[in-house]
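Subject: A structure for you to look at

Hi,

Here is the structure I promised to pass on. Have it open while you read, and my notes follow below.

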Amino acid sequence: MTTTIDQPHWQSRLDELAAKHGVPGAQLGILRLGADGGDDELVTAATGVLHAGTGQPATTDSVWQIGSISKVWTATVVMQLVDEGRFALDTPVMEILPEFRLREPETTAAVTVWHLLTHTSGIDGDLFTDTGRGDDALEKYVALLADSAQNHPVGATWSYCNAGYSVLGRIIEVVTGQTWDQAIGERLFSPLGLTHTTTLPEEAMVFAHAMGHIKGGEEPVVAPVWGGLPRAVGPAGLITATVTDVLAFARMHMTGGLAANGTRVLSEESVAAMSAYQTDCPEKHLLGDSWGLGWFRCDWRGHRAHGHDGNTVGQAAFLRILPEAGVAVALTTNGGHTRDLYVNLYDEIFNELTGVKLPEPFEPPAEPVTADVAPYAGTYERESVRMEVLEDEGKPVLRVTVMGPLAEIEDIPVETYEMIPVERDVYAVRPEGMESWAPVRFYSLPTGEEYVHYGARATPKKLG
């Protein structure tokens, strides 16, 4: 374990590993809190280019899309409002938003703020409908939910839900009388002293900004759009920042809710609740084993970490905090095999600085497992995706078809993966060209409904 963070070493490793994994450009930040009142250590590094077409170099003050890490920022503002007594975690959403409607009245009445924060509401999570660029984008978006399908019964399981965070953004608007963009700026960006953090494209354009790439490697392909996601998705994933600003936000959570200048941003109780256990994840490998209020929670060989990832069109970001060591690491990237870069780099960094290694990567066992896919065969579907489980030439396969606005933005092809059995109800798939394996888990609710959990989403099996 080192006494100081070696910036040149991590710059070198970022350069080498980004090249290895075909990542056009990346920005890395490492924060270690000062012990016994000492100064914090913060080192940053950048590598590659912001845009393969222009060759503009990536620097440590360029801004990147942090994607769904934005959810933790939105959750933080929600918890500020809880601190202020404006509502409670168990307050039904319709008490705050009288216009909130889902298809079934009893479901509408049951959804609370807690369900939205913990991804357990059952609202179909990947509704990326564009409701315009106006200040009423979230209001219009929430109105559309009356027509959306319920993915699972309220509180019955966990399924990653972008839509729920848009609803939380609308709650923030109604309670504060500001747009989500204004509220998060006033309540987080300003007190934390953030100078390179924005929510709207025209604000990000002031800075050198990363462009996403839908293909990395030696012949990178620039994404067809810079943003691509509508304003209504802002609370779920549209913050743009430097890793320095992301780590200033992380630091506030690591110090019990205090900004670097001593300003209280969030109560100690709410900070603790956000990273505390709230609900289980049906599969424990892709992100974390459980969820807090905004953060996901990871078991790193008996050490408890938390964090969040973010993905937009051609960009990916990663944030992890190991509280016991006072260390946080942020990484932003713009294409290529981003998760493989994250795994390699974070394992080295945390092992070097804290002596803690990341878990062994999820992968098929060395000795093949015999499993019968027949009980799970069939079609699983929610509004934004269809998954078919079948046998092809004697091998179990998963065929994934993305539907709706996201498919139109990215022109995503139908993808078919061979499923390698890991356990009776767990399989591994590996998209072409990836080094990492992804888990596929089959399970049933206590009431009998069958689900597949893949890509952090629960998708119900179609009957008949």
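A quick term before anything else: a residue is called buried when its relative accessible area is under 20%, exposed when over 50%, and partly exposed in between (1.4 Å probe, protein chains only).

Some ground rules. This is a predicted model, where local features need pLDDT of at least 70 and side-chain atom pairs count only at pLDDT 80 or more, while totals for chains, interfaces and linings use all residues. Residues are numbered from 1 along each chain as its sequence is written, and side-chain values use heavy atoms, with hydrogens and water left out.

**The whole chain**

The protein chain has 14 helices and 22 strands; these are DSSP runs numbered from the N terminus (helices: H or I, at least four residues; strands: E, at least two). Its C-alpha trace spans about 60 × 55 × 45 Å along the principal axes. Take contact to mean heavy atoms within 4.5 Å. Of the contacts between residues at least 6 apart in sequence, 61% join residues at least 24 apart.

**The second largest pocket**

Helix H13 (338-354) and strand S10 (296-300) each supply at least two lining residues, with H13 giving the most, 5 residues.

Is Arg170 buried or exposed? Arg170 has 13% relative accessibility, so it counts as buried. You'll find Arg170 in helix H7 (residues 162-176). Its side chain makes a polar contact with the side chain of Glu173 at 3.1 Å; such a contact is a pair of N or O atoms within 3.5 Å, where within protein one must be able to donate a hydrogen and the other to accept it, and residues adjacent in sequence count only if both atoms are side-chain atoms. Beyond its neighbours within four places in sequence, Arg170 touches Leu97, Glu99, Leu138, Glu139 and Val142.

Then try Glu104, in the loop between helix H3 (93-96) and helix H4 (105-110). Glu104 counts as partly exposed because its relative accessibility is 41%.

Cheers
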